[in-house]
Structures are given as structure tokens and as C-alpha cells.
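Dear colleague,

Please find below the structure that I am handing over to you, together with its sequence. My notes on salt bridges and nonpolar cores follow it.

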Amino acid sequence: MRIKGVLLIPLFAFSLFADAITFTLTNTETGPTNIALGYQVPQPVDSLTPVIGFRSYASLSQRHLQMSLSSSLITQIQIGETINARPIYAYQIGDDDQQLVSGGVEGAALINSGIHAREWQTPEATTALIEHLFDNQGDQHVAQYLLENLNLVVIPVLNIDGFLQTQRFASQVTDSTQSPRDGRMRRKNMRDVDENLDTLNDNLGGIDLNRNNNPYWATSDRSESTIDSIVYHGTGPASEPETQALQQAALTAGEDRLRFYIDTHSFSQIYFSPYTNNTRRNDLNDRVATIMRTPNNFKYRYGPSSSGRGIGSTDEYFANTYHAVSYTLEIEPLNSATEYGGFGVSHDGFILPNAEVPRMREETRKATIAGLYTISEVPILKSLEIRSESDQSIAYAANWQTQGSARVLDVTTLGTLSASTRYIAKLTFNKPMRALENGQVTNFGSLSGTNGVVAKLVGQLNNSDIEYDFDASQGVWLVNQGFSRYKADSFEVSFTLPAGFDWNAHSRLALSIETTDMVGQKLDTNPATIVDWQTGAWTNYEDVLGNPDSDNGGASVALRLIDDGSDLYQPSNPPTPPTPTPPTPTPPAPTPGNSGGGGSIFWLLLLIIGGYSGRLITKRPLKISFLGV
């Protein structure tokens, strides 16, 4: 195990003298067959509600069922059975219309956990996500928005047989000459393994479900064909019923709609992620990772790997099969339980102290919610209302209405604007645009501030471009009253047109709005074409030049108060033809032996690092253990 500056107490010293020994985990008690952690050994607790610690599998299952029976927005679906014929359940979360409120078809997301039995943090983390959506389904903010605009499928425990084995022997672990393997430290499923800890000759059995996947099954030195190996990949890709159940869950989510996947693991405090040969998908993968790391002040690292290679993990399967942004989330600790005052015995990072569990639930929940919000849909300026501040009479009102596979601008009030008159512009968007804390608008790290709106009227006056700026710094996001569907989905700003303003002298007049949603995504500049997701990237997400495949958006000028019929992206004045320039002389060819940069040595070193880790880290070199992955 990789540790930075920590002296580890050997957990399995006795393995030098015996093929397998059963040890007992303790707080501080020492002895020949005791392993003192330095903190209370977590035990599974029977409780439907969260506890300071970990719940039993029976309690977690009952809690999931309770929520599904209590809400029409949560549906239990059996997706398969384990080796020992236990049902594996997924929970489909969201309304049943499969439609975005703003028009278009919902995207799908899949979150898996409990694939490695000893990683108790993961079922608690995903259960916390379901509980948050259940408890806040009518919050008129992000939780309600996700429930109405995303098809989310969550698998709280995939490796149920193995998880039950770890909870059955919560204070006991068998050692071998390789590593802790059964009891509390079982990693693999229970293929050819009984549930009796005293049967020591099968404690190395089972299959690593995170090595059992295409397209890189059995292609890495971090995946082995030896049955006793802790990373034994099985007899073939998806040979295990648990792996097949996970793939079935993708069909439940809607394989043609799947755009987001997380496999939840512990430990080493990082988002691993596979790159593919799809550059746009990789760029969005980076962006979503940054967004998910933001709520916890980048406590979690990010480790993308090179395309064309892998270890047989589930995130590789979903990245390459569905072009989804895909991650293996390794929950804390970073190195070991010494970070919480533990003694630092080897592998204790899989045994999170009880006191750390509530905070862990909250931190992982916030991060995942941010990712789901990001990929649900991009922001659009959905409607505009301009009214007189003095008598509240409406001078202009228009909104985008969905008609089939497109939107049309429905102008319900078309008046005129006058000089020296104070107006209030109400802008309404398709999603909650700002984060809230205690009911107040707050920033989302550096990705959005409490205001963040630039507003102006732009157009043509006497064949010349004209702008009328607003002081949007005095505008407000509506969170207590006046919002449309979600708190902070509407923004109000006052403005006054100058004394010389003449409505009838303008040939075109449009509202220009530049802002982002809470995670920093810019507006779709043309709401008429509905944004969707295809092959790992956005479609019809136009930027300021009208490029529908930019994945970036920009300032929206699609709401025209005076429309001259010109193209939305046509420049007001034709550009001046560029002055021809003489051709640039061709530089001489480099002399032999001079590569011009010395990059080949750098990449050779990076490949050596990648060969050691099994995943080439392309952002920055990281020392990474595969204990959780």
C-alpha cells in the first residue's frame, strides 16, 4: 500500500509462518492474533435512518425499499442475482415522463457501489444520495430539478454476497501470504467460496468484479488469470452475474440516453477516469470532474488515464461502450486511517472510523449532485418579461415553447419601450441557476458567483450597431417569491433607456444576456434548437458563432424585441476582406540529432509511470495504489 511519510504496522506478519490465519480487529488491544486499529472497530448497525457509522445490509435494503414505496419518484427494479441467488436491486429515480421540463428527452445517469465487498463507505455514500433526493423532492431547487429532468439509476450494493460476508465477520479477517482476503477484508465476489470463515482453503477465492469487463478484460498486469489473485478477472468478460446485472442496469437507464457513470469505491481520495479516442468526450469528462471536486474545495484529486488501455474496470466499459463521462470514485482516506488518529495498520483505509461517516456521506453526496446537475442539460434563457416599474404594466413578454423537436418563440405581449422610463426585466431560465445556502444565493466555488449576469440591449440603429447597457450588478436572483419553477431560476434587473432613445428608429433590437448556471456552463445561444447528448458530447449547444458542436455556449441574443429577420449569427456589418500577405518562408529542416524539444524523454518517463500504475496519468503524475480500484 502506498503511504506518504507514514510508518505502517504490519497487519499480517504471521503470514510468514502459516498459509492462513484468522485475526481479530480491535481498538487498542494487542496480542498474537489481534490487530489494533487505534479506534473503535465499526460494526453494522440495524437502523433505517443514518447513524454515526455503518448500517447493516438488511437495514440499507429496507431503507431503499421504504423510500421506493413512499415516493412515486423512486422505483425498485431487480436487475439480476448474485452467485448465491440473492436479488440485486437498482433504484430508478425521477419522474416517469422521460421529458425535460424545457422540452426534449431526458438524459440518463448510472451510479454503482458495493462492487468490492470490504468498501463499506460506498453503500453509505450512494444511499445518502438517494435519501437526499427523497427528503428534498419538493425543495423547488436542485433536488426537485434533478427528479424532473434526469433519469437516474443507482445500485447501492452490487456485490451483495461479498458485502454480507464482510458484515458477518466485521471484526475478523483472514490473512494469507498475499494480503487480507476474507472476513472483513473480502474484496471479490463469492464464486466457489463458502460463508464459513473457518474454511481457510477458499479464502483466496472469488472474482474481482472490477476486472471482469470489456474492452480491456485480461489485457493488463493489474488483472490476473490466477484464481487466488486478488485481481483475478474470471473466465471471460462479464462472466459473473453481478457484472451482468450492472450491464442490465444500463439498459434500465436507457442505453441510448446514458451519459454519466460513477463506480463508487474506497480508498485513495481520487476520481480515476479513462480517456477514450473521443476528444470531445474527454474534454467534458475533465470539466465534470472539476465541477464534482469543487464543492469539497478540491479535496479529491483527478487521475485520467490514456486511451487504448485499461484494467478491465467498469468505468472503462461505460466510457468505451456508451461514450459516457465515467469515473471510479475512490472515497477517503487519502492514505490510511492515521488521518483520523488510527495506528496506521496496513489496509485500514478500508475501515473508516464511525465518526467520519456522516461527513463522508455529505461530501460525496454534494459532489455527485453537482455532476448530475451538470449533465442534466445546459442552461437556456427560456423567457423574458419587461414591465414598467411605475405601474407594473407589461411592455414585452415572450417565451420559448416546445413544438415537436424544436422550440418557437411565443411573443404574448409586444409593446414599445420609451426613453427615460424605468423598466424591470425578468429573465427566466430552464434550471436553478445559483447555489443556495440557508435560503440565500451563494457562490459555487469559483464557477459561479452570487450575481454573474451581464445584460444589455443590442441592435441596429440607422444601419449602425448600438448597445444599451444595464447595471446588472444591482439585479437579484429570485429565491423567495417570483421565481418560475425552481428557486434562482429567475433574475430581475432594472434599467432605463437614455433620453434620446427612439423605438421606431431601430431596425433590430435584442436582449443580450451573458451568464452561466451554477457550475459555470454558459447559455445555449439558440434555444430554438433543443440541445441533446450524442456520442459523448452535446449537440445543438450553439456558441456565439452558431457552432452547434462547441460544448461551450456563450451570450444569448436570441430574444428579439424588434426582429428584422436577419440570421441570428449574421454579423451586422460584413467583415472587411483581409489584406493578402506574402507567403511565410519555410524554415530549414532541423539538423540531425535535434528533436527541437526533448519531449520524447518526457513521454518515455510518463509511459514508465503509466506502466507501473496500469493507468497512464496524463494530467500529473500521482502515486496511486490499486487497493481500492
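In these notes, buried means under 20% relative accessible area, exposed means over 50%, and partly exposed lies in between (1.4 Å probe, protein chains only). The model is predicted, so local features need pLDDT of at least 70 and side-chain atom pairs count only at pLDDT 80 or more, whereas totals for chains, interfaces and linings use all residues. Residues are numbered from 1 along each chain as its sequence is written, and side-chain values use heavy atoms, with hydrogens and water left out.

I begin with the charged pairs. A salt bridge is a side-chain nitrogen of Lys or Arg within 4 Å of a carboxyl oxygen of Asp or Glu. Helices (H or I, at least four residues) and strands (E, at least two) are DSSP runs, numbered from the N terminus.

Searching the whole structure gives 30 salt bridges. In one of them, R257 meets D532 with an N to O distance of 2.8 Å. R257 sits in the loop between α5 and β9 (258-266) and D532 in strand β24 (residues 532-534), so that this pair links distant parts of the chain, 275 residues apart. R257 is buried, its relative accessible area being 15%.

R86 pairs with E195, and their closest N and O atoms are 3.1 Å apart. R86 is partly exposed at 21%, and E195 is partly exposed at 29%.

A further salt bridge joins R191 to E240, with the closest N and O atoms 3.0 Å apart. R191 and E240 both lie in the loop between β8 and α5, so the pair ties together parts that are 49 residues apart in sequence. Here R191 is partly exposed at 29% relative accessibility, whereas E240 is buried at 2%. Elsewhere, R55, R63, E124, E131 and R361 are linked in a network of salt bridges.

I turn now to the nonpolar cores. A nonpolar core is a set of buried Ala, Val, Leu, Ile, Met, Phe, Trp, Tyr and Cys residues joined through side-chain atoms within 4.5 Å. The largest has 85 residues, of which L110, F260 and Y327 touch the most other members. Helix α8 (residues 357-376) gives the most to this core, namely eight residues. Another core, of 37 residues, lies apart from it and includes I386, A395, W503 and A558.

With kind regards
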